[in-house]
Amino acid sequence: DERHNQGVEFYAQRFQHCVDEGNDLIMDATPDYLTYSEKISEVYNNAGADALSKLKVIVILREPISRELSWYNHKYFYAHGTGPTFERHSELVLKGIPDIHMTSLGRYVDHLKKFASLVSRDNILVLSYDELKKDPEKVQWRIQQYLGREFPGALATLNTHDDPNKLREVSASARQMLEPYFRGKNEELFEFLDAHPGPPMEQRPFPRFDVE
């Protein structure tokens with residue numbers, strides 16, 4: 001919110017080096033953006049020159065409980081064992097504590113519906129995290145087709161927080177707590193994607209999530 005309130009000029013300055021280098025495609029990436037569709041729409045509308053119609057959104061969806069574990073590891077990476085257990089974290093997720101914004105992130109369909117009400121569905125490419133792991137070349141092809149541009153190199157696997165103390169698996173008790181929380185929204189997601197197809201290179205039907 002603090003950065004958003006600083007306006008379009010503040011945001012644009014963060015990418016001035018891309019413009020100076022002559023790039024006509026500029027990318028900004030963070031998982032947070034999925035929940036901020038209204039603010040993104042506002043920024044691009046304020047930028048003028050029909051900027052919103054030129055916006056290309058790419059969303060990569062991971063099985064929500066696995067995403068929750070990834071977020072847990074990221075959040076407590078520097079806590080050195082002082083954070084809650086994942087089971088306790090799961091209890092807090094169900095209560096929307098401490099941050100309802102982050103605990104709702106895995107309920108993807110709510111955010112995608114909001115995005116699709118503000119941005120053309122043809123300008124939202126939804127990708128599968130499972131396909132990204134199994135066939136990164138195919139995902140790279142989808143992105144290149146979507147952006148109308150070929151890019152050198154290949155998508156690489158990178159985990160900047162690959163620590164020996166990292167929690168690797170979701171316990172049965174945590175999965176039992178979280179699975180009902182996400183189940184209905186997952187079904188709603190698949191129905192929404194079937195009923196509202198995006199650009200032609202997107203997977204159809206969108207694959208069910210693999211349980212990691």
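Which helix does Trp71 lie in? Trp71 lies in helix H5, residues 64–75. This is a predicted model: local features need pLDDT of at least 70, side-chain atom pairs count only at pLDDT 80 or more, and totals for chains, interfaces and linings use all residues. Residues are numbered from 1 along each chain as its sequence is written, and side-chain values use heavy atoms, with hydrogens and water left out.

**View 1. Trp71 in helix H5.** Helices are DSSP runs of H or I with at least four residues, strands are runs of E with at least two, and both are numbered from the N terminus. Trp71 is partly exposed, with a relative accessible area of 23%. Buried means under 20% relative accessible area, exposed means over 50%, and partly exposed is in between (1.4 Å probe, protein chains only). Asp135 is 64 residues from Trp71 in sequence. In space, the two are 23 Å apart, C-alpha to C-alpha.

**View 2. Strands E1 and E2 pair in the parallel sense.** E1 covers residues 57–61 and E2 covers residues 124–128. Five bridges link them; two strands pair if DSSP finds at least two bridges between them. Leu61 stands opposite Ser128 in E2. In a regular strand the side chains alternate between the two faces of the sheet. In E1, Val57, Val59 and Leu61 point to one face and are buried. E2 is mostly covered, with five of its five residues buried. Ile124, Val126 and Ser128 point one way from E2, while Leu125 and Leu127 point the other way.

**View 3. Helices H5 and H11 cross at roughly 125 degrees.** Their axes come within 9 Å. Axes are lines fitted to C-alpha atoms, for helices over the stretch in contact, and angles run from 0 to 180 degrees between N-to-C directions. H5 and H11 are therefore oblique to each other. Angles under 35 degrees count as roughly parallel, over 145 as roughly antiparallel, 65 to 115 as roughly perpendicular, and the rest as oblique. On the H5 side, Pro64, Ile65 and Glu68 make the contacts. They meet Arg175, Leu178, Glu179, Phe182 and Asn186 in H11. Contact means heavy atoms within 4.5 Å.

**View 4. Arg175 is buried yet has no salt bridge.** Arg175 is found in helix H11, residues 172–195. A salt bridge is a side-chain nitrogen of Lys or Arg within 4 Å of a carboxyl oxygen of Asp or Glu. The nearest side chain of opposite charge, Glu63, is 4.1 Å away. Lys and Arg count as positive and Asp and Glu as negative; His and the chain ends are not counted. Arg175 touches Glu63, Ile65, Val170, Pro180, Val211 and Glu212, not counting residues up to four places away in sequence.

**View 5. Lys185 forms salt bridges with Asp110 and Glu188.** Lys185 and Asp110 meet at 2.8 Å, N to O. Lys185 lies in helix H11 and Asp110 in helix H8 (residues 108–118), so the pair ties together parts that are 75 residues apart in sequence. Lys185 is buried at 17% relative accessible area, whereas Asp110 is partly exposed at 33%. For Lys185 and Glu188, the closest N and O atoms are 3.4 Å apart. Salt bridges that share partners join Asp110, Lys113, Lys185 and Glu188 into one network.
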